[in-house]
Amino acid sequence: MWGAYQGPGSRSPPVPPAPPAPPVKKDRRVLRAGLRWSAAVVVFAAVGASAYGIAAMERTDVPGLATASDGRWEYPETVKPPLPSGSPGPLAEANKAGTHYADLRALVLPAPEGAKEDRTLRGEDGWLPAKTFVEEYTGKDDRDTVRQLVADNGLRHIAARGWTTQDGTRTRIYLLRFDTATVVDDLLSSELTDYNAPRYALRGAAQLSRDEKFSESTWVEGVDRAVFAETRPYGREQDRQAYLGASDTLAVVVQSGAGGAKAVPFQQTVTPQSQLLG
């Protein structure tokens, strides 16, 4: 009997090999489905690679998605100047008057790359005469009023900078330092500006209104601001203006552009200037 024990040295009879399994016939429909799925995987992989390539590219590098330039400028990196040893910052609780102890001339925003400096705003040793600032205003009566206003409020000195960019936009920045933050608050809120417009017109800007589109997200702590844009119809140029109250310093920022002063470079200018003063 196959498999019975036959004692030591015995050998089991050979087991016959199993018959080969009959070939399995593959359903042609299964083959076609497999090919379709393989092709689909290849297609999805290609589409995925294309999508990744678009996501990794700059928007302006993608055909059909290029956007027109918004006039953005390239500013150098700005760093606040060091304070004299032992001096508090303008927002420090111990600084009751809100004094900027840093050199005011170092707090003026530098010009963007490629801009041509306006040498008339350099002043002597970096200090600008009050009469040069007052010349920004249009009528003689307004100039006389502003001149008397800043003198009566104890103007100490003015630092300024101006430039013209390659697109022809002219920028002027004036930093006026007074004795205390209280003086600047009063000048900003009631003497030089109303809510809707500046009280005194600058040259070339007859009618301005508050710029409601200026982004609130750019607000800088410790700096009050009133921002205006010239309304249509304006002449050869449009003006944008900002009055900033930063502790003991009043900043006046003016940009004039032929055919329209662009909003982006103006915001680019007002925001870092605020940061330097805040």
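Strand 1 (residues 116–117) and strand 2 (residues 157–164) pair in the antiparallel sense over two bridges, strands being DSSP runs of E of at least two residues and helices runs of H or I of at least four, numbered from the N terminus, and two strands being taken as paired if DSSP finds at least two bridges between them. The model is a predicted one, in which local features need pLDDT of at least 70 and side-chain atom pairs count only at pLDDT 80 or more, whereas totals for chains, interfaces and linings use all residues. Residues are numbered from 1 along each chain as its sequence is written, and side-chain values use heavy atoms, with hydrogens and water left out.

Strands 2 and 3 form a hairpin with five residues between them, and glycine 168 in the turn has a positive phi of about 90°.

Helix 3 (residues 140–152) has 13 residues and reaches 18 Å from its first C-alpha to its last, close to the 18 Å expected, where the expected span is 1.5 Å times one less than the number of residues. Its buried residues are Arg143, Val146, Leu149 and Val150, with buried meaning under 20% relative accessible area, exposed over 50% and partly exposed in between (1.4 Å probe, protein chains only). These residues cover an arc of only 130° around the axis, which puts them on the same side of helix 3, the arc being that of the directions from the helix axis to the C-beta atoms. On the other side of the helix, Lys140, Asp141, Ala151 and Asp152 are exposed. The buried residues of helix 3 pack against helix 2 (130–134), strand 3 (170–177) and helix 4 (181–191), contact meaning heavy atoms within 4.5 Å. Glycine 154, which follows helix 3, has a positive phi near 75°.

Eleven salt bridges were counted, each defined as a side-chain nitrogen of Lys or Arg within 4 Å of a carboxyl oxygen of Asp or Glu. One of them joins arginine 147 and aspartate 144 (2.8 Å, N to O), which are three residues apart in helix 3 and therefore separated by about one helical turn; arginine 147 is partly exposed, with a relative accessible area of 34%, and aspartate 144 is partly exposed at 30%. Another joins aspartate 248 and arginine 177 (3.5 Å, N to O). Because aspartate 248 lies in the loop between strand 6 (237–246) and strand 7 (249–258) and arginine 177 in strand 3, this pair ties together parts that are 71 residues apart in sequence. Both aspartate 248 and arginine 177 are buried.

The structure holds six aromatic pairs, for which rings of Phe, Tyr and Trp (its six-membered ring) must have centres within 6.5 Å, planes under 30 degrees apart counting as stacked, over 60 as edge-to-face and the rest as tilted. The rings of phenylalanine 214 and phenylalanine 266 have their centres 5.9 Å apart and their planes at 80°, so the pair is edge-to-face. This pair links distant parts of the chain, with phenylalanine 214 in the loop between strand 4 (208–210) and strand 5 (223–230) and phenylalanine 266 in helix 5 (residues 263–277), 52 residues apart. Trp73, Tyr75 and Trp163 form one aromatic cluster.
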